[in-house]
Amino acid sequence: GLTGFKVIVGGAPVTPEYATEIGADGFAPDAGTAAVKAKELATA
């Protein structure tokens, strides 16, 4: 029931398919890509 935030998951043990399965808003394979994804989600 929480609202107003986005969830990004990633790293070596996580796959894009798993991110989709759990309903994450984004996936990133590493911290640098997570920063780019966070910026994209913040401006969407």
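Colleague: How many helices and strands does the protein have?

Modeller: There are 2 helices and 2 strands in the protein; helices (H or I, at least four residues) and strands (E, at least two) are DSSP runs, numbered from the N terminus. Read from the N terminus on, the elements run β-α-β-α. Please keep in mind that this is a predicted model, in which local features need pLDDT of at least 70 and side-chain atom pairs count only at pLDDT 80 or more, while totals for chains, interfaces and linings use all residues. Residues are numbered from 1 along each chain as its sequence is written, and side-chain values use heavy atoms, with hydrogens and water left out.

Colleague: What span is expected for helix α2, and what does it reach?

Modeller: The expected span is 1.5 Å times one less than the number of residues. Helix α2 covers residues 31–43, which is 13 residues, and 18 Å is expected. From first C-alpha to last, α2 reaches 19 Å, close to that value.

Colleague: What makes D30 a cap of α2?

Modeller: A side-chain oxygen of D30 lies 3.2 Å from the backbone nitrogen of G32, at the N-terminal end of α2.

Colleague: Why is the pair K37 and E40 called a salt bridge?

Modeller: The term asks for a side-chain nitrogen of Lys or Arg within 4 Å of a carboxyl oxygen of Asp or Glu. In K37 and E40, the closest N and O atoms are 3.5 Å apart, so the pair qualifies. The structure holds 1 salt bridge. Both residues lie in α2, 3 residues apart, about one turn of the helix. An α-helix has 3.6 residues a turn, so residues three or four places apart point the same way.

Colleague: Why is K37 called partly exposed?

Modeller: Buried means under 20% relative accessible area, exposed over 50%, and partly exposed in between (1.4 Å probe, protein chains only). K37 is at 24%, so K37 counts as partly exposed. E40, with 42%, is partly exposed as well.

Colleague: And L2, is that residue buried or exposed?

Modeller: L2 has a relative accessible area of 73%, so L2 is exposed. L2 sits in the segment before β1 (8–10).

Colleague: Which residues make the nonpolar surface patch?

Modeller: L2, F5 and V7 make a patch of about 320 Å². Patch residues have over 30% relative accessible area and no salt bridge; like charges are joined within 9 Å, nonpolar side chains (Val, Leu, Ile, Met, Phe, Trp, Tyr) within 5 Å.

Key
Polar contact = N/O pair within 3.5 Å; in protein donor to acceptor, adjacent residues only side chain to side chain. Areas by Shrake-Rupley, 256 points an atom, 1.4 Å probe, with all protein chains shown as cover.
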